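Trainee: I am new to this protein, and I would like to learn how to read it. Could you walk me through some of its features?

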Amino acid sequence: MPIRQHKYLLDESEMPTSWYNIVPDLPAPPPPPLHPGTHEPVGPDDLAPLFPMDLILQEVSTERYIPIPDEVQDVYRLWRPSPLFRAHRLEQALGTPARIYYKYEGVSPAGSHKPNTAVPQVYYNAKAGVKKLTTETGAGQWGTALAFACSLFDVECEVWQVGASYDAKPYRRTVIETFGGTVHRSPSQLTSAGRAFAADHPGSLGIAISEAVEKAAGAADTKYALGSVLNHVLLHQTVIGEEALLQLAKAGETGADLVIGCTGGGSNFGGLAFPFLREKLAGRQNPVIRAVEPASCPSLTRGEYRYDFGDTAGFTPLMKMHTLGHDFVPDPIHAGGLRYHGMAPLISHIYELGLMEALSIEQTECFAAAVRFARTEGIVPAPEPTHALAATMREALACKESGEEKVIVTALCGHGLLDLGAYDAYLNDRMVDSGLSDADLDAALSTIPVLT
Ligand SMILES: *Cc1c(COP(=O)(O)O)cnc(C)c1O
C-alpha cells in the first residue's frame with residue numbers, strides 16, 4: 001500500500017512564541033463587562049481582588065500579539081507542539097472525499113487543552129506573590145490542569161467540583177490530589193453561596209464559580225482562576241490554532257474550508273478558530289467556522305445575547321454574552337465541560353457579527369460518532385469534543401453526497417479515559433437524550449437581569 005502520512009508534527013523550536021489577540025482585528029470591539037452594582041464598565045481595580053494585574057491587562061489588551069513568557073514556553077514544551085492528525089481511516093470508513101484533520105490536545109498532562117491557560121495563569125499569579133488559587137471544575141479537566149500548573153510554581157490549589165461530577169468521576173479528584181490540590185464537592189458548607197443549597201444538590205458550574213470567587217475575594221493572598229469564558233483564557237488557547245495553521249501547510253493544504261469545535265465556555269473552540277479567523281478576515285483563507293453545543297445547554301443557538309452574571313450568586317461582573325440565565329442548571333449530560341449557562345463574550349460577539357455559525361447536537365449522536373472515531377483512529381475522545389466529531393461526520397457525509405473534497409479541521413480537545421462511565425452508559429443503552437423544552441428555556445431566560 002502507498003505510504004501515507006498520519007501525523008503532522010512541529011519541532012519544539014517551531015512552537016509559537018506569541019499568543020494571538022483577535023480583538024484589534026474585529027470590525028467592532030466587544031461590549032465591556034459591567035460592575036454588578038453600578039452597571040458601569042469595570043476598571044482594572046475592580047478585577048484586582050480576583051486576578052493579578054498581568055492577566056487583567058491581557059483581558060483588556062488591544063495588542064494583536066502578546067509574547068509567551070520563556071518560563072511558560074518551557075512548560076508548554078513538556079507536551080507542545082501537539083500533533084495534527086489526518087484521519088485517513090475515519091475518512092475511509094465514511095467513504096468521504098473530504099480530508100479530515102484533528103488537532104489533538106489530549107497529549108497534555110491533564111489530557112485536555114486546559115493546561116495551555118492554566119500554566120500562564122499560575123505563572124502570572126506566582127510572579128505577583130499569590131500563595132493560593134481557588135477555582136471551580138465541572139468534569140474535572142480544569143481542576144486537574146490548574147493543580148498541575150500550581151504544583152510547578154509552588155502555589156496552593158483549592159477546587160470546588162460540581163457535585164454531579166464529583167460523585168460520578170472520583171478518579172478526577174484523585175488526579176487533582178496527586179498534583180497536590182484540594183477538592184470540595186459543590187455546593188459545599190464552606191461558603192455562603194454553597195450553604196444556600198441542600199448538601200446533596202447536584203451543583204452547577206455557576207454555583208461552583210460563586211463558591212471559588214467568594215473564597216478568593218475574602219483572602220488577601222488568594223486569587224481566583226477561570227478555565228474558560230474570559231478573553232485572556234481564549235488568548236492563551238490560540239497556540240492551538242497557530243500550530244494547526246503551520247501543520248496544515250506542512251500537509252500541503254492551502255487552507256481549511258471548515259473549522260469545527262465544541263463550545264462549553266468557548267476556549268478550545270476560540271483557541272483553534274481565532275487564528276483561522278484572522279486568515280479569513282485578511283482574505284488569505286475562507287473557512288466556515290462552526291461551533292457545536294449540546295442540545296441540553298444551547299447557549300449560542302437558543303440563549304439570548306444580553307448582560308448576565310458569570311455565576312449563580314451574582315458575584316461576577318455582568319458580561320454581554322449568549323446566556324440561558326445565570327441560575328440555569330442543565331441536565332446532567334456526560335459532557336460536563338459543556339454545561340455552562342453562558343458563552344464567552346468574545347465568541348458571542350463574533351457570532352453576532354456573523355463571522356461564525358453554531359448548531360446543537362444530542363448526546364447519543366455524539367457518542368455514536370465517538371465510538372466510530374475510536375474504532376478507526378484509536379483515540380477515545382472526551383465527551384465534550386464528541387460534539388465536534390459528530391458535526392464533522394455530518395459534514396463528511398454531506399461531502400460524500402456532493403463529491404466535495406472539503407478540508408475539515410476539528411479540535412479533539414481531550415481524551416476520555418477518565419470519562420468511561422459515559423461510554424459504559426452509551427454502550428449499554430443507558431444514555432438518554434434530554435433536549436430542553438421551550439417552557440424550561442423560557443423559565444431560565446426570565447432570570448436574566450433587566451438593566452435599566
Ligand atoms: C473544559 C473542556 C471543554 C469546555 O470548555 P471550552 O472552554 O468550551 O473549551 C471542552 N472539552 C474539554 C476536553 C474540556 O476539558
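Mentor: Let us take a few residues and pairs in turn. This is a predicted model, in which local features need pLDDT of at least 70, side-chain atom pairs count only at pLDDT 80 or more, and totals for chains, interfaces and linings use all residues. Residues are numbered from 1 along each chain as its sequence is written, and side-chain values use heavy atoms, with hydrogens and water left out.

Trainee: Where does K114 lie?

Mentor: Helices (H or I, at least four residues) and strands (E, at least two) are DSSP runs, numbered from the N terminus. K114 sits in the loop between strand 5 (99-104) and helix 5 (115-127). An unreviewed UniProt entry places the feature "modified residue: N6-(pyridoxal phosphate)lysine" at K114; such positions follow the numbering used here, feature names are shortened, and annotations may be inferred rather than shown by experiment.

Trainee: Is K114 buried or exposed?

Mentor: Buried means under 20% relative accessible area, exposed over 50%, and partly exposed in between (1.4 Å probe, protein chains only). K114 counts as buried because its relative accessibility is 14%.

Trainee: Which residues is K114 in contact with?

Mentor: Contact means heavy atoms within 4.5 Å. Leaving aside neighbours within four places in sequence, K114 is in contact with Q141, W142, A145, G227 and Q237. Q141 belongs to helix 6 (residues 141-153) and is buried too, at 7% relative accessibility.

Trainee: What joins the side chains of Q141 and S112?

Mentor: A polar contact of 3.1 Å. That term means a pair of N or O atoms within 3.5 Å; within protein, one must be able to donate a hydrogen and the other to accept it, and residues adjacent in sequence count only if both atoms are side-chain atoms.

Trainee: How many salt bridges does the structure hold?

Mentor: It holds 24, each being a side-chain nitrogen of Lys or Arg within 4 Å of a carboxyl oxygen of Asp or Glu. One of them pairs the side chains of E253 and R99 at 2.7 Å, N to O. E253 lies in the loop between helix 12 (239-250) and strand 10 (258-262) and R99 in strand 5, so the pair ties together parts 154 residues apart in sequence. E253 is buried, at 12% relative accessible area, whereas R99 is partly exposed, at 23%.

Trainee: Which residues are linked in a network of salt bridges?

Mentor: R80, K103, E105 and E243 are linked that way.
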